[in-house]
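The sequence and structure are shown first.

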Amino acid sequence: MWGGERTGGEPTGAARVLALLDERGGTLAVAESLTGGLVAAELTSVPGASRTFRGSVTAYATDLKRDVLGVDATLLDERGAVDPEVALQMAAGVRGALRADWGAATTGVAGPDPQDGQPVGTVYVAVMGPEGNGKVAALRLNGGRTEIRKESVRSVLALLADELMGNGRAQDTEQNGGN
């Protein structure tokens, strides 16, 4: 039984993802920018996470996205780090770097100021699967920095759970959240 259950026995996003990975014999690695390690912290708060969670890279600086995760330099120069293709490349890069079956990534603007011409609350979360199949969700989040970061964690875990269950959402799904 995976820990991390909410009242009523419903597993949290992290516990659900880890259980799905465990059932399928899969592993996960995470690349984080605006969430700064919150996705990894959420996953590792669940007892038994080490069975499926390989690790994470917090690539807050743009050069780390390029040098550590292998995000295309021209893409970063032309579009900046807050971009759906950057999120996909981050997920693919961390998957390869940490030798995991699945990669997940977060990039965006938590505030207080806009970045790369993108307004606060613009977030992209992405997952990359074992077959090289990727999905990205575009989020337009409301609220302060803390709310945006928390909703980004929830959203990337939800996207990953959907993909693991074969219920993938359409690429570039727009969602509103936060307060």
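Ser-33 is located in the loop between S1 and H2; helices (H or I, at least four residues) and strands (E, at least two) are DSSP runs, numbered from the N terminus. The model is a predicted one, in which local features need pLDDT of at least 70 and side-chain atom pairs count only at pLDDT 80 or more, while totals for chains, interfaces and linings use all residues. Residues are numbered from 1 along each chain as its sequence is written, and side-chain values use heavy atoms, with hydrogens and water left out.

Ser-33 counts as buried because its relative accessibility is 6%; buried means under 20% relative accessible area, exposed over 50%, and partly exposed in between (1.4 Å probe, protein chains only). Its side chain makes a polar contact of 3.0 Å with the side chain of Lys-65. A polar contact is a pair of N or O atoms within 3.5 Å; within protein, one must be able to donate a hydrogen and the other to accept it, and residues adjacent in sequence count only if both atoms are side-chain atoms. Beyond the neighbours within four places in sequence, Ser-33 is in contact (heavy atoms within 4.5 Å) with Ala-59, Tyr-60, Lys-65, Met-90, Thr-106 and Thr-107.

**Strand S1**

Strand S1 is largely enclosed by the rest of the structure, since five of its five residues are buried. Leu-28, Val-30 and Glu-32 lie on one side and Ala-29 and Ala-31 on the other, and both faces are covered. S1 and S2 run parallel and are joined by five bridges; two strands pair if DSSP finds at least two bridges between them. Within this pairing, Ala-31 has Val-57 of S2 as its bridge partner.

Helix H1 (residues 13–24) has 12 residues and spans 17 Å from its first C-alpha to its last, close to the 16 Å expected at 1.5 Å a residue. The expected span is 1.5 Å times one less than the number of residues. The buried residues of H1 are Ala-14, Ala-15, Val-17, Leu-18, Ala-19, Leu-20 and Leu-21. Their cover includes strand S1 (28–32), helix H2 (38–44), strand S2 (53–58), strand S3 (102–108) and helix H6 (145–164). Arg-16 also belongs to H1, but counts as partly exposed because its relative accessibility is 32%. Arg-16 and Leu-157 are 141 residues apart in sequence, yet their C-alpha atoms are 8.7 Å apart in space. After H1 comes Gly-25, with a positive phi near 70°.

H6 has 20 residues and reaches 29 Å between its first and last C-alpha, close to the expected 28 Å.

**Salt bridges**

The structure holds five salt bridges, a salt bridge being a side-chain nitrogen of Lys or Arg within 4 Å of a carboxyl oxygen of Asp or Glu. The table includes three of them.

| Residues | N to O distance |
|---|---|
| Arg-66 and Asp-67 | 2.7 Å |
| Arg-79 and Asp-83 | 3.2 Å |
| Arg-154 and Glu-151 | 2.6 Å |

Arg-66 counts as partly exposed, at 36% relative accessibility. Arg-79, at 45%, is likewise partly exposed, whereas Asp-83 is buried at 8%. Arg-154 is partly exposed at 43%, while Glu-151 is buried at 15%. Because Glu-151 and Arg-154 are three residues apart in helix H6, about one helical turn separates them. An α-helix has 3.6 residues a turn, so residues three or four places apart point the same way.

**Nonpolar cores**

A nonpolar core is a set of buried Ala, Val, Leu, Ile, Met, Phe, Trp, Tyr and Cys residues joined through side-chain atoms within 4.5 Å. The largest has 32 residues, and Val-17, Leu-28, Leu-43 and Leu-157 have the most contacts inside it. At least two residues of this core come from each of H1, S1, H2, S3, strand S4 (122–128), strand S5 (134–140) and H6. H6 contributes the most, with eight residues. Apart from this core lies another, of 24 residues, among them Leu-76, Val-82, Val-136 and Ala-138.

Leu-157 is in contact with Gly-13, Ala-14, Val-17, Val-39, Glu-42 and Leu-43, leaving aside its neighbours within four places in sequence.
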